[in-house]
Amino acid sequence: MLITHDTRCSLDAVVDLVNTAPDNDTATDGLATVEALADFVRNHEVSDVGVLSEFDLAAVRRVRGRFAEVFAAPEAASAASVINDLIAAAGTTPRLTDHDGYDWHVHYFSPGASLADHLSADCGMALAFFVVAGEQERLRRCEAPDCRRAFVDLSRNRSRRYCDSRTCGNRLHVAAYRARRKEAAG
């Protein structure tokens, strides 16, 4: 599956967006303030964004919840339904553009679109490519029992199980190793 630079940027943005949501009642929201939203926009180099407000924050949080549904979808039809809703609500208007030193690429959001519509359109289309390619199962949640972060499995054999093998994967492997040693000792 060919993933262009702009699609990869949208995938990174949607994964990070979904992962800003608190995963339990005691966790903090990664998008708790307009300033946190502005940092998200800056970190992901989201273009054509004006002054952000509480309205934008609330709208992006709603979109974030819908994207979380895509990562939790049990099959392609469920994911497609949510993606279709997001893209339609955004008033998608594909157009070719070359800006900020990037070569020609497609933006799916309308000029002047809100941040929520911008994310819905571009990130929704990035996820749509996976459904179209029959690769919806690559949109995953970490299998570590105490994690559940979203990620896109871009491994060749679709075998990635953890959001980060150096943290979640390694922690579980070490715990399993210690349990085997304890059992063998005793």
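Q: Is Arg161 buried, partly exposed or exposed?
A: In this predicted model, Arg161 has a relative accessible area of 42%, so the residue counts as partly exposed.

Q: What does Arg161 form a salt bridge with?
A: The partner of Arg161 is Glu143, and the closest N and O atoms of the two are 2.9 Å apart. The pair links distant parts of the chain, since Arg161 lies in the loop between S4 and H6 while Glu143 lies in the loop between S3 and S4, 18 residues apart. Glu143 counts as partly exposed, at 44% relative accessibility.

Q: What is the phi of Arg158?
A: Arg158 takes a positive phi of about 55°, although the residue is not a glycine.

Q: Where is Arg148, and what about its phi?
A: Arg148 sits in the loop between strand S3 (139-141) and strand S4 (150-152), and has a positive phi of about 70° although this residue, too, is not a glycine. With 44% relative accessibility, Arg148 counts as partly exposed.

Q: Switching to H5, how many of its residues are buried?
A: Of the 18 residues in H5, 15 are buried, so the helix is mostly covered. From its first C-alpha to its last, H5 reaches 25 Å, which is close to the 26 Å expected at 1.5 Å a residue.

Q: How do H1 and H5 cross?
A: The axes of H1 (residues 5-18) and H5 (residues 115-132) come within 9 Å and cross at roughly 105°, which means that H1 is roughly perpendicular to H5. The residues that meet include Leu11, Val14 and Leu17 in H1 and Leu119, Leu127 and Phe130 in H5. By class, the contact of H1 with H5 has 10 nonpolar, 2 polar and 1 charged residues.

Q: At what angle do H1 and H3 pack?
A: H1 and H3 (residues 54-72) pack at an angle of about 100°, with their axes 9 Å apart, and H1 is therefore roughly perpendicular to H3. H1 contributes Val14, Val15, Leu17 and Val18 to the contact, and H3 contributes Val60, Arg64, Phe67, Ala68 and Phe71. By class, the contact of H1 with H3 has 8 nonpolar, no polar and 1 charged residues.

Q: Which residue forms a salt bridge with Glu69?
A: Glu69 pairs with Arg66, their closest N and O atoms being 3.1 Å apart. Glu69 and Arg66 are 3 residues apart in helix H3, so about one helical turn separates them. An α-helix has 3.6 residues a turn, so residues three or four places apart point the same way. Glu69 is partly exposed, with a relative accessible area of 38%, and Arg66 is partly exposed as well, at 27% relative accessibility.

Q: Last one, how many salt bridges are there in the whole structure?
A: A search of the whole structure finds 12.

Technical notes:
Residues numbered from 1 in each chain as written. Predicted model: local features only at pLDDT ≥ 70, side-chain atom pairs only at ≥ 80, totals over all residues. Heavy atoms only, no water. Axes fitted to C-alpha atoms, helices over the stretch in contact; angles between N-to-C directions. Helix = DSSP H or I, 4+ residues; strand = E, 2+ residues; numbered from the N terminus. Parallel < 35°, antiparallel > 145°, perpendicular 65-115°, else oblique. Contact = heavy atoms within 4.5 Å. Nonpolar A, V, L, I, M, F, W, Y, C, P; charged D, E, K, R; others polar. Expected span 1.5 Å × (residues − 1). Buried < 20%, exposed > 50% of the residue type's maximum accessible area, 1.4 Å probe, protein only. Salt bridge = Lys/Arg side-chain N within 4 Å of Asp/Glu carboxyl O.
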